[in-house]
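Let's take a friendly walk through a protein model together. Have a look at the sequence and the structure first, and then read on.

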Amino acid sequence: MAINLQKGQRIEIGFTKMTIGLGWDPNEGRGYDFDLDASAIMIDAGRKLVNEEYFVFYNNLQSPDGALTHTGDDPSGKNSDGDDDEAIIVDLEKVDERVEEILFVVTIEDFERRKQNFGQVRNSYIRIIDNISNQEIAKYELDEDFSIETGVEFGRLYKRNGSWKFEASGTGYRADLAFFLEKYYQGQIIK
């Protein structure tokens, strides 16, 4: 039976092959389709991106170490029908040794022009599926009202004393995908 996580709750991960499923339901009748994008950011002990290829999103579907594979973009938000909108397959055995954390964030594409935010999105969640047993292990349903936020860190995997744990984050930002890249990237970003 899956664990229902609360914001800030942490659990031990006792397996290495998993799928991180992310889901959401945008409110209908808002004019534009919602294009929400799931990304994974692999950061080191200094809380910086290991390098730009370790930012896994719709334009970079796999990390160089082979540990993360993004299953692809759902540009209209209509693929799910109650299932995951986007997913990232994780193999912790392959994670580069420099990586201490993997952040899972969801951002709203073109939110300014479309006048969209997470207050117009409901039923958002992140869940962990054990890929060996195919069982859902844990799920965090984001029940906050993110009325102005346009980017949300749903959860994170992190390493402590050699073992992996998961935290249900639920941290909102008024930001886009570029914000997260700038926050964690050490190099020069060419716009």
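What follows is a short tour of a strand, a helix, a nonpolar core and some charged pairs.

This is a predicted model, in which local features need pLDDT of at least 70 and side-chain atom pairs count only at pLDDT 80 or more, while totals for chains, interfaces and linings use all residues. Residues are numbered from 1 along each chain as its sequence is written, and side-chain values use heavy atoms, with hydrogens and water left out.

**A covered strand**

Start with strand S4, residues 36–43. Strands (E, at least two residues) and helices (H or I, at least four) are DSSP runs, numbered from the N terminus. In S4, 8 of the 8 residues are buried; buried means under 20% relative accessible area, exposed over 50%, and partly exposed in between, using a 1.4 Å probe and protein chains only. In a regular strand the side chains alternate between the two faces of the sheet. Here Leu36, Ala38, Ala40 and Met42 point one way, Asp37, Ser39, Ile41 and Ile43 point the other way, and all are buried.

Which strands pair with S4? One is S8 (residues 101–108), antiparallel over 8 bridges, and Met42 stands opposite Ile102 there. Strand S5 (residues 55–56) also runs antiparallel to S4, joined by 2 bridges, with Ala40 opposite Val56. Two strands pair if DSSP finds at least two bridges between them.

**A helix with a buried face**

Helix H2 spans residues 177–184, and its buried residues are Leu177, Phe180 and Tyr184. Seen down the axis of H2, these fall within an arc of 65 degrees, so they line one face of the helix. That arc is taken from the directions from the helix axis to the C-beta atoms. The buried residues of H2 pack against S4, S5, S8, S11 (151–160) and S12 (163–173), where contact means heavy atoms within 4.5 Å. At the start of H2, a side-chain oxygen of Asp176 reaches to within 3.2 Å of the backbone nitrogen of Ala178.

**The core**

The largest nonpolar core has 55 residues, and Ile13, Ile102 and Leu157 touch the most other members. Such a core is a set of buried Ala, Val, Leu, Ile, Met, Phe, Trp, Tyr and Cys residues joined through side-chain atoms within 4.5 Å. Leaving aside neighbours within four places in sequence, Ile102 is in contact with residues including Ala40, Met42, Leu68 and Trp164.

**Charged pairs**

Side chains of opposite charge can pair when their charged atoms come close. A salt bridge is a side-chain nitrogen of Lys or Arg within 4 Å of a carboxyl oxygen of Asp or Glu, and by this rule the count comes to 12. Among them are these:

| Pair | Closest N and O atoms |
|---|---|
| Glu167 and Arg10 | 3.5 Å |
| Asp91 and Lys17 | 3.1 Å |

Glu167 lies in strand S12 and Arg156 in strand S11, so their pair ties together parts that are 11 residues apart in sequence. Is Glu167 buried or exposed? Glu167 is buried, with a relative accessible area of 12%. Arg156 is buried too, at 9%, whereas Arg10 is partly exposed at 47%. For the other pair, Asp91 counts as buried at 11% relative accessibility, and Lys17 counts as partly exposed at 29%. Finally, Arg10, Arg47, Glu101, Arg156 and Glu167 are linked in a network of salt bridges.

Notes:
Polar contact = N/O pair within 3.5 Å; in protein donor to acceptor, adjacent residues only side chain to side chain.
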